[in-house]
Amino acid sequence: MSAIRLSPAAAILRHGVLVLTSAFILVPFVWMVSLSLKSPGEIFRATFSVLPAQFYGVDNYAKAITSVPLPRYMGNGLLVCALILAAQILVCAPAAYALAKLKFWGRDFIFAMVLVGLLLPHQVLSLPLFILCYKLDILNTYLALVIPYVVSPFGIFLLRQFFKKIPNDIVHAARLDGLCELAIVWKIMVPMALPAVIAFSIFSVVAHWNDLFWPLIAVRDGNLMPAPLGIMAFKNEEAGNDYGPLMAASTLVVAPLLIAFLAAQKWFVEGVTGGSVK
């Protein structure tokens, strides 16, 4: 199918909309980095400037790291995100394979429930999840931050859509070679759906790295706080109105996500578009 050629006016309009949208998205990040390099007096100056008149970045970033255990908070976030992602892939890949390639009674109903799960905000389930964690006696532990996210409806949906594009002949050939269903999932389906796995990994890590609502409920120990909750403690307990170090801490927390996305951008786009409905 040949690509649709746009008229010059339509092309200019499209690029203008893209540039304007990108500006709205990027301005808060640029402003955050700018504030992290400025002195306290310059932050509240009436005039607007992106570059600092007096470079204060070293002091702000040093205070952000030393005033509170920010590396500890980021390490907690990395551990929690890794555990959640590993558990989600272990659960979502077999579930997606069953919904995509196996025929059994109630399959369509189960997939409909997965779609319903996509519509439910996680905050709706916070009270029953809190009670469950209390009954299991895992509140204020790493498990309390991981268990509620083990099953991801979005992960099941994304991998199912990608698995459906894989020819059934490959699955039949694997069965003839003596592979069981789980072996087919991990040796055939997941490697072939690697772009979708990478795309889902980015979605999962970004969502849980930035999550504040559930950690605020589940943990109280400062040694267990992930990065967003740690930044709150930094602001309330240490920094007060000292926004320079606060913005420096926020920049340090956002930087790993940006680097990871740029490194996996190719697979992210391919994974998101590869399982689209045609």
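A search of the whole structure, a predicted model, finds 1 cavity of 30 Å³ or more. A cavity is a set of points on a 1 Å grid over the protein atoms alone where a 1.4 Å probe fits but cannot get out. Grid points are joined across faces, edges and corners, and volume is the space filled by probe spheres set on the points. The volume of the largest cavity is about 60 Å³.

Lining residues have an atom within 4 Å of a point. They are Val 80, Ile 84, Leu 145, Tyr 149, His 208, Asp 211, Trp 214, Pro 215 and Pro 226.

The largest nonpolar core holds 33 residues. Such a core is a set of buried Ala, Val, Leu, Ile, Met, Phe, Trp, Tyr and Cys residues joined through side-chain atoms within 4.5 Å; buried means under 20% relative accessible area with a 1.4 Å probe, protein chains only. Leu 70, Trp 209, Trp 214 and Val 253 touch the most other members. Beyond four places in sequence, Leu 70 is in contact (heavy atoms within 4.5 Å) with Ala 64, Ile 65, Ala 249, Leu 252 and Val 253. A second, separate core of 26 residues includes Leu 85, Ile 89, Phe 163 and Phe 200.

Residues are numbered from 1 along each chain as its sequence is written, and side-chain values use heavy atoms, without hydrogens and water. Local features need pLDDT of at least 70 and side-chain atom pairs count only at pLDDT 80 or more, while totals for chains, interfaces and linings use all residues.

Definitions and conventions
1 Å grid on protein atoms, 1.4 Å probe; cavity = no way out; pocket = protein on both sides within 12 Å on 5 of 7 lines; lining within 4 Å. Buried < 20%, exposed > 50% of the residue type's maximum accessible area, 1.4 Å probe, protein only.
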